[in-house]
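Welcome to the tour! Open your viewer, get your selection tool ready, and follow along one stop after another.

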Amino acid sequence: MGNVSRPMRQSHRQLYLGLLACLILLAFLIAFWSSASTDRTNADQAIKYRPTHSIYEPAANDTLGFSNIFVVGLPERTDKRDALALTSALTGFHVEFVDGVKGESISDKAVPSGVDRHALMETNLGSWRGHMNVIRRIVEENLESALIMEDDMDWDVRLKKQLIQIAEGALYVMPSNEPSSSPYGAGWDVLWLGHCGEIFPETLPENEGKPEYPKYTLHNDKTVPPLNKITGLVDFAKYPEFTRWVHVSGGPICSFAYALSQRGARKVLFDLSVDHLGGPFDNALAGFCRDGASGNQDGLQAKCLSVTPPVFFHHRAKGRVDGDSDIHNSGNADVREKGTTENIVWSARNNIKNMLRGSVMESQF
């Protein structure tokens, strides 16, 4: 009898322990889902301009959060393509080169209304057509967004971290309820990431007396140059050192690097080609954005964002100085001993060797 009862007691004990384990597991799952539900509720109640960090994370992917990255440049400038292909690969993103256009190849019949090609100059006409070919491709392929840059661009080695913050700023300044897979949201037409200089839109004469536009301010950003090295149109001395803004565009100079949404590409294709052209491409694109910032109800109501100071800038490579530009021929026979880039602290171009060697990055300033 004793031999029979002992196995029965062990069986009951095992059954009891099994049930206890199941109850503990069930309690854990209930607590987990309750916590997750609470987290979702808290997220829904959070400030709508600050979604979870995972929404911004694609800004650090291999296309920097855009559907594609296009680089426009003349195919014979293999020196620029070599450098940009290597620099982007070392920084962790992929680009696609698109051949630029020489103005002389453009038929008179294809020149937009309002353009005097001789006054515009053939080099500017070719630059315009090269950009428009990419913009038309964005429309044709129905890309959600694309980043377009010129072939002599430079950026900070920490670009991806910068773009995650810029994505947060874009969603803050131009929020949208439209569905989008972009970390930058769907509220903008143009996102101007690289320029020679930019102003805040409230400083435009046509905006005098109007409320100030919203800005997203990045304080103590050590990827911003010190005050004695920074360049641009804003009076940076009026603000704390190492400040960067994401803001509504006032009218940037130079089309170094800019992104277009699908909606933005359609608007620009119309405004800078199908309808008319108001000057060199960068000036015309700035005019498109300025018209939007001024609130012109009869215009295309462009929604443009800028980053100031910019995170992309024209690199002046070591070597022949007259190789800097394919639009303006300086005729300068001097040779530059070391490359330089304005407004970029840890220049990716100047740190290529350090990235290849795994060495410490060098600052330009």
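A salt bridge here is a side-chain nitrogen of Lys or Arg within 4 Å of a carboxyl oxygen of Asp or Glu. The model you are looking at is predicted, and it holds 18 salt bridges. Let's visit some of them.

**Stop one.** Select Lys80 and Asp151. Their closest N and O atoms are 3.7 Å apart, and the two form a salt bridge. Now colour the elements around them: Lys80 sits in helix 3 (residues 78-91), while Asp151 is in the loop between strand 3 (145-150) and strand 4 (153-155). This pair links distant parts of the chain, 71 residues apart. Are these residues buried or exposed? Lys80 counts as buried, at 8% relative accessibility, and Asp151 is buried too, with a relative accessible area of 5%.

**Stop two.** Next, select Arg263 and Glu178, whose side chains meet in a salt bridge (3.2 Å, N to O). Arg263 lies in helix 7 (residues 262-274) and Glu178 in the loop between helix 6 (159-173) and strand 5 (190-194), so this bridge ties together parts 85 residues apart in sequence. Arg263 is partly exposed at 26% relative accessibility, and Glu178 is partly exposed at 45%.

**Stop three.** Asp189 lies in the loop between helix 6 and strand 5, so its pairing with Arg263 in helix 7 joins parts that are 74 residues apart in sequence. Asp189 is buried, with a relative accessible area of 0%.

Key:
Residues numbered from 1 in each chain as written. Predicted model: local features only at pLDDT ≥ 70, side-chain atom pairs only at ≥ 80, totals over all residues. Heavy atoms only, no water. Helix = DSSP H or I, 4+ residues; strand = E, 2+ residues; numbered from the N terminus. Buried < 20%, exposed > 50% of the residue type's maximum accessible area, 1.4 Å probe, protein only.
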